[in-house]
Number of protein chains: 2
Amino acid sequence: MIISDNLKMYVKKLRSSNLRPTKQRLKICQYLFDRDKTFHFTVETLNKKINKNRATKVSLATIYNTVEAFTNAGYLKEILTSKNKSYYDTNIKSHHHFYDEGSKELTDIHYSQIKLSKVPTPPKGKKIKNLEVVIRIQK
Amino acid sequence: MIISDNLKMYVKKLRSSNLRPTKQRLKICQYLFDRDKTFHFTVETLNKKINKNRATKVSLATIYNTVEAFTNAGYLKEILTSKNKSYYDTNIKSHHHFYDEGSKELTDIHYSQIKLSKVPTPPKGKKIKNLEVVIRIQK
DNA sequence: TATCTAGTTTATAATAATTCTAAACTAGAA
DNA sequence: TTCTAGTTTAGAATTATTATAAACTAGATA
Ligand SMILES: [Mn+2]
Ligand SMILES: [Mn+2]
Ligand SMILES: [Zn+2]
Ligand SMILES: [Zn+2]
């Protein structure tokens, strides 16, 4: 995993979405995408991580802007689960989640791990936008 | 549907939950439960309805307090669906929903209308608290 | 029935997450 | 190097919700 290679990749990726590869966006790209496993986060947690032990801070407004831009560009997926906070996911494939009410953390469930053998037809004129299941768990 | 009969019923119901049957709570009971079909609402919509064309207003704080008390008492169920607003449901049975992203409205799906033929086991030490599906729909 | 008090209502303040605003900054085209 | 549209930023504004504390009231008790 050679960082500079990934950096070039992120520059390309951002340009292809008409997003200028600023140092803030690249720093966030590295933090979010230089990893093997899927990553679930809130703006609050991302902000803490990005600005931990770093001289040059990225403003909270930029974290919000960037997460929104990356979501619109399809780099991130928003997971609707909690009533007071938005969750985001680096795994943009269609998949399901466990949501732990205690730790407030999401865990991936592979799409094939849930089989919906019967699904109702949506009301006329409407179509299903998303059928991802969130299973709430607790101790 | 004789209102006074229902009123007596609500008084009993409230007393059985250690909630004093105040005029505000009874008014809200009548609005929420004097109906045949299931009712989905947010605090905002309930507040508007309760205080429409009425001389004596119920404060927003009381609407919040009452919805919370009724939810704790098991008269209402909270539906976690939207990222910025809490939804409540007079249908307290386990069931599923369509959530219309356009109108931001919930519609019931009877429990038997969705069959989950394969469900993953939760992580060790955790158990499933709730497995209700919200299907997001749009035009 | 009058008194008393814990529970309730209410206006208002506080909080938390998010969005908006507008000035300063910068990527990168020309 | 210059220029400008896009970006970052601090801080204000907004929205939903929760907390605070004073006034009110249900209903038990005298
Ligand atoms: Mn919010
Ligand atoms: Mn909120
Ligand atoms: Zn995920
Ligand atoms: Zn429902």
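Me: What makes strand 7 of chain A and strand 8 of chain B a pair, and in which sense do they run?
Reply: This is a predicted model, in which local features need pLDDT of at least 70, side-chain atom pairs count only at pLDDT 80 or more, and totals for chains, interfaces and linings use all residues. Residues are numbered from 1 along each chain as its sequence is written, chains are lettered from A and ligands numbered from 1 in the order in which they are written, and side-chain values use heavy atoms, with hydrogens and water left out. Two strands (DSSP E runs of at least two residues, numbered from the N terminus) pair if DSSP finds at least two bridges between them. Strand 7 (residues 127-130) of chain A and strand 8 of chain B have three bridges, in the antiparallel sense, so they pair. Ile128(A) has Ile137(B) as its bridge partner.

Me: Why is strand 8 of chain B called largely enclosed?
Reply: Buried means under 20% relative accessible area (1.4 Å probe, protein chains only). Four of the five residues of this strand (residues 134-138) are buried, so the rest of the structure largely encloses it.

Me: How do you know that Ser86(B) makes a polar contact with DNA strand D?
Reply: A polar contact is a pair of N or O atoms within 3.5 Å. A backbone N or O atom of Ser86(B) lies 2.8 Å from a phosphate oxygen of DNA strand D, so the pair qualifies. For Arg20(B), a side-chain N or O atom is 3.3 Å from a base nitrogen of that DNA strand.

Notes. Buried < 20%, exposed > 50% of the residue type's maximum accessible area, 1.4 Å probe, protein only. Polar contact = N/O pair within 3.5 Å; in protein donor to acceptor, adjacent residues only side chain to side chain.
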